[in-house]
Amino acid sequence: MNSIILGCDYNPEQWTPDVWREDVALMREAGVDLVAVNIFGWSHLEPADGRFSFDDLDEVIELLHANGIKVNLGTGTSSPPPWLTTLHPAILPVAADGTTRFPGGRQAWCPSSPVFRDRAYELVRRVAERYGNHPALALWHVSNELGCHNALCYCEASAEAFRSWLRRRYGKIETLNEAWGTSFWSQRYGDWAEIQPPRAALSIRNPSQIVDFHRFSSDELLDYYRGETEILRARSSAPVTTNFMVTAHIRNLDYWSWAPEMDVIANDHYLDHRLGDPVAELSFAADLTRGLAAGKPWILMEQSTGAVNWQPYNLTKAPGEMLRNTLTHVARGADSICFFQWRASAQGAEKFHSALLPHAGTDTVAWREVLRLSQTLDAIGEVAGTTVDADVAIVFSWESWWAAEGEARPSQAVTYLDQVHGAHRALRALGVTCDVVSPDADLSQYRAVVVPCLYMVGDVAAERITEYVAAGGHLLVTFFSGIVDERDRIRLGGYPGAFRDVLGVRVEEFAPLRPDHRVNLSGGGIGSLWTERLRTTSAATIASYLDGPLPGTPAITRNEFGDGVAWYLATALDDDGMQRFLRDVVPNREFDLGSDDVEVVRRRGDGRSYLFVVNHGVNPVEYPAAGHNLITNEPVGGTLRVEGGGVAVIREEATA
């Protein structure tokens, strides 16, 4: 029987054995299926150099196993113990300004340190040999949130590893000089030994060097991950993964290159109240995680029941909000739902982070919300194994994120993720579920493709996008796209560079706006942030600027190319304007919702179809539906009403 897994992180080293037994009994009451342990266990497993003790972890794993709870076993390597960095201080990471970052927090290690790797891999070997065939083992959890704090290290070990990476990438120093444009500012290198990481400088640094350092740093941590997995797979048949951080404030790892190395994709996600619309960002992150999983079900490895501990204002969740957040993840492809953490810590940096079991215990609203969530996941268990129905794609690139937000760019007010989020948010409000795909993805299955702010794009990806339109696809490209190649070199001849022909436009000059400046568009609508000195070559003008620095200049264009259509948006529209615009861009599609507050997503598989409606707003909504509401166990005949703050999952009538 299919089921949605409910899981959590557990840190038994923070508690005494009598609490372990109480915890496992409560886990059974809450319907917990999977527990992650040994995530931060290194100093407990190896309390001194070469002295190992597994007694406590043995007892915890056996206790979980005896109660029918599976184990997501951490390798314990995420943070080294103090004795290790005391013996080998060169392990410690170095910031861009050349200063060392010391122990006292977590991830105080350099990804390139050979000493750290040797000692971490030895711990992994011992853990794998002891537990690799344990019947409770369901999943290996490599390290934890790799690169969250230490992705970019500028120490001498990192510098040497960076040089080695560059030699493999470019082969000859002359090739690197060409790729980095080192003729500028007398930066030409005569020998590999002259190259340093892009440490803090007195002026703007070389942007190509910075992008390559991001690529290197992502690859270096991936190489470390491979080292752990090689040890695990030689000693165990359990699947291996690590928890990604697909979220708005973490950008250092290119997960498109990481995803093929995972046996299953897992992600950590927390509502970020520093954003204008944190729930919309949650939906985007879930869609992007599904993209990394190639459309297959994935694991939400961490989320919170309520407040986190690391934002300026750590807001709690209202009654029902945790359920709505969770079902948004499930609707968008998650088949396993896990939380950080089981029992709220009494000490340490995360003592004010919420948990399944709060400080106040079980006679709490929070605990009753957990029980309600568990019951709901059981009720909709048959959804597991189905996949999300999407016929529109958004192209997303970590490399373009890095490059588009360089130190010297036309406008500091234009950020990559804001443009991506804006496009996704508008489609979501229209009830359109999007796949989020890499620039190299096969686009042929999609009714429409949106390319927001894809500043950096290689020739192969640009050609694939162009061929998609020629074959009959509908494409939207937004401003500051196609500008540079993978070396961060401008595509000469006029913007938008790689997409000039397919869009049928040529831009002579950027004309960004001050953040508080708005321009009116013909036909209605308001633009902000950006305008361009643009002329059409084969495209038709749909709207022009009525005022601003370039009145009368095209702002929105439409070009017929081959059998398809390509649209260009040369300014930033507000949410309402973007929704109206996208109604024209996405062909042959009825839009039955126009609300930022409602998620409408469908999952399908094996002749089954499930409609998710999650109402984040306060007002009731009605939606056409027929079938059976799995949550209320009631039939639905024609019209589904979902109250404000409510959720519904409908098993629809059988499909072919």
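Student: At what angle do helix α14 and helix α17 pack, and how does that angle classify the pair?

Tutor: In this predicted model, helix α14 covers residues 416–429 and helix α17 covers residues 575–585. Their axes lie 9 Å apart and the packing angle is about 65 degrees. Because angles of 65 to 115 degrees count as roughly perpendicular, α14 is described as roughly perpendicular to α17.

Student: Is the crossing of α14 and α17 left-handed or right-handed, and which residues of α17 take part in the contact?

Tutor: The passage of α14 across α17 is a right-handed crossing. From α14, the contact involves Gly422, Ala423, Arg425, Ala426, Leu427 and Ala429.

Student: How do the residues of the contact of α14 with α17 divide by class?

Tutor: The division is six nonpolar, two polar and two charged.

Student: What is the strand order of the open sheet of seven strands, and which strands stand at its edges?

Tutor: The pairing in this sheet is mixed, and the order reads β12-β11-β13-β14-β21-β20-β19. A strand at the edge has a single partner, so one of its sides is left without a neighbour in the sheet. The edge strands are β12 (434–437) and β19 (540–544).

Student: By how many degrees are neighbouring strands of this sheet turned against each other on average?

Tutor: The value ignores the direction of the strands. On average, neighbouring strands are turned by 20 degrees.

Student: In which sense do β13 and β14 pair, and which residue is the bridge partner of Ala448?

Tutor: Strand β13, residues 448–451, pairs with β14 in the parallel sense, over four bridges. Ala448 has its bridge partner in β14. That partner is His474.

Student: Which helix packs on the sheet and touches β11, β12 and β13?

Tutor: The strands touched are β11 (392–395), β12 and β13. The direction of the helix makes about 170 degrees with that of β11. The helix is α14.

Student: Which strands stand at the edges of the open sheet of six strands?

Tutor: This sheet has antiparallel pairing and the order β10-β23-β24-β27-β25-β26. Each edge strand has a single partner, so one side of it is left without a neighbour in the sheet. The edges are formed by β10 (387–388) and β26 (634–642).

Student: How are α11 and α12 oriented to each other?

Tutor: The two helices pack with their axes 9 Å apart, at an angle of about 30 degrees. Since angles under 35 degrees count as roughly parallel, α11 and α12 are roughly parallel to each other.

Student: How do the residues of the contact of α11 with α12 divide by class?

Tutor: The contact includes Glu321 and Leu327 of α11, together with Arg372 and Leu377 of α12. By class, the residues are seven nonpolar, two polar and three charged.

Student: Which residues of α12 does α1 meet, and how is α1 oriented to α12?

Tutor: From α1 (residues 17–30), the residues Leu26, Glu29 and Ala30 meet Trp367, Val370, Leu371 and Ser374 in α12. The packing angle is about 50 degrees, with the axes 9 Å apart. That makes α1 oblique to α12.

Student: Where is the cis peptide bond with omega of about -10 degrees, and in which loop is Gln341 found?

Tutor: The cis bond with this omega joins Phe340 and Gln341. Gln341 lies in the loop between β9 (334–339) and α12 (365–379).

Student: What radius of gyration does the protein chain have?

Tutor: A compact globule of 656 residues would have a radius of gyration near 26 Å. The chain agrees with that expectation, and its value is 26 Å.

Technical notes: Residues numbered from 1 in each chain as written. Predicted model: local features only at pLDDT ≥ 70, side-chain atom pairs only at ≥ 80, totals over all residues. Heavy atoms only, no water. Pairing = 2+ DSSP bridges. Axes fitted to C-alpha atoms, helices over the stretch in contact; angles between N-to-C directions. Parallel < 35°, antiparallel > 145°, perpendicular 65-115°, else oblique. Left-handed = near helix turned anticlockwise from the far one by under 90°. Contact = heavy atoms within 4.5 Å. Nonpolar A, V, L, I, M, F, W, Y, C, P; charged D, E, K, R; others polar. Rg over C-alpha atoms; globule rule 2.2 N^0.38 Å.
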